[in-house]
Amino acid sequence: MQDERLREDAKQLLRAAYERQVASGDVGLGVDLRAAAKERGMDHDSPYLAALVDYMEVAGWIEQDPGADLIGRGEVGMPIRRVTERGAEVLHEAIN
């Protein structure tokens, strides 16, 4: 049951980060997960946020963008993550 909650919370955070990015006019698959978490009331150094990000990385939904140093960093210091093909499938599932 706890794994299901972690998966669902991770999916919702990914969706919020993607929608935040789209609302800002950005086109692409880079997402700022900490900024999205902050908007949802989660502290930027929350262990649960770290667990969600770890879950998404292990599940193959996101990856650290190798060009993150060129693109910039997230609002609160976390590198922008790139949504993978699998992550895009999860986003589609979360949005529909």
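Reader: Before anything else, what counts as a helix or a strand here, and from where are they numbered?

Author: Helices are DSSP runs of H or I with at least four residues, strands are DSSP runs of E with at least two, and both are numbered from the N terminus. Please bear in mind that this is a predicted model.

Reader: Good. How many helices and strands are there in the protein chain?

Author: The protein chain has five helices and three strands. Read from the N terminus, the elements follow the pattern α-β-α-α-β-α-β-α.

Reader: And what share of the residues counts as buried?

Author: The chain has 96 residues, and 36% of them count as buried. As for contacts between residues at least 6 apart in sequence, 56% join residues at least 24 apart.

Reader: Let me turn to W61. Where is the place of W61?

Author: W61 sits in the loop that links helix 3 to strand 2.

Reader: Is W61 buried or exposed?

Author: W61 is buried, because its relative accessible area is 2% and the cut-off for buried is under 20%.

Reader: Which residues does W61 touch, leaving aside those up to four places away in sequence?

Author: W61 touches R7, A10, K11, L14, Y55, M56, R82, V83, T84, R86, G87 and V90.

Reader: How many aromatic pairs does a search of the whole structure find?

Author: The search finds one aromatic pair. The partners are Y55 and W61, with their ring centres 5.5 Å apart and an angle of 80° between the planes, an edge-to-face arrangement.

Reader: Why is that pair called edge-to-face?

Author: The angle between the planes is 80°; planes over 60 degrees apart count as edge-to-face, which is why the pair has that label.

Reader: How does Y55 count by relative accessibility?

Author: Y55 counts as partly exposed, because its relative accessibility is 24%. W61, by comparison, is buried at 2%.

Reader: On to the helices. At what angle do helix 1 and helix 3 pack?

Author: Helix 1, residues 2-23, packs against helix 3 at about 90°, with the axes 9 Å apart. The two are therefore roughly perpendicular. Helix 1 contributes R5, L6, R7, D9, A10, L13 and L14, which meet Y48, L49, A51, L52, Y55 and M56 of helix 3.

Reader: What about helix 1 and helix 5?

Author: Helix 1 and helix 5, residues 85-95, also pack at about 90°, and their axes are 9 Å apart. Helix 1 is therefore roughly perpendicular to helix 5. On the helix 1 side, the contact involves R7, K11, L14, R15, Y18 and E19; helix 5 supplies R86, G87, V90, L91, E93, A94 and I95.

Reader: Which residue stands opposite Q64?

Author: Q64 stands opposite R81 of strand 3.

Reader: Where does D32 lie, and is D32 buried or exposed?

Author: D32 lies in the loop between strand 1 and helix 2. With a relative accessible area of 11%, D32 is buried. The side chain of D32 reaches the backbone nitrogen of A35 at 3.2 Å. D32 and R81 are 49 residues apart in sequence, yet their C-alpha atoms are 6.5 Å apart.

Reader: Last topic: what lies in the loop between helix 2 and helix 3?

Author: Both H44 and S46 are found there. H44 is partly exposed, at 35% relative accessible area, whereas S46 is buried, at 14%.

Reader: What lies 3.1 Å from a polar atom of the side chain of S46?

Author: That is the backbone nitrogen of Y48. As for H44, its C-alpha atom is separated by 9.4 Å from that of L33, which is 11 residues away along the chain.

Definitions and conventions:
Residues numbered from 1 in each chain as written. Predicted model: local features only at pLDDT ≥ 70, side-chain atom pairs only at ≥ 80, totals over all residues. Heavy atoms only, no water. Buried < 20%, exposed > 50% of the residue type's maximum accessible area, 1.4 Å probe, protein only. Polar contact = N/O pair within 3.5 Å; in protein donor to acceptor, adjacent residues only side chain to side chain. Phe/Tyr/Trp six-rings, centres within 6.5 Å; stacked < 30°, edge-to-face > 60°. Pairing = 2+ DSSP bridges. Axes fitted to C-alpha atoms, helices over the stretch in contact; angles between N-to-C directions. Parallel < 35°, antiparallel > 145°, perpendicular 65-115°, else oblique. Contact = heavy atoms within 4.5 Å.
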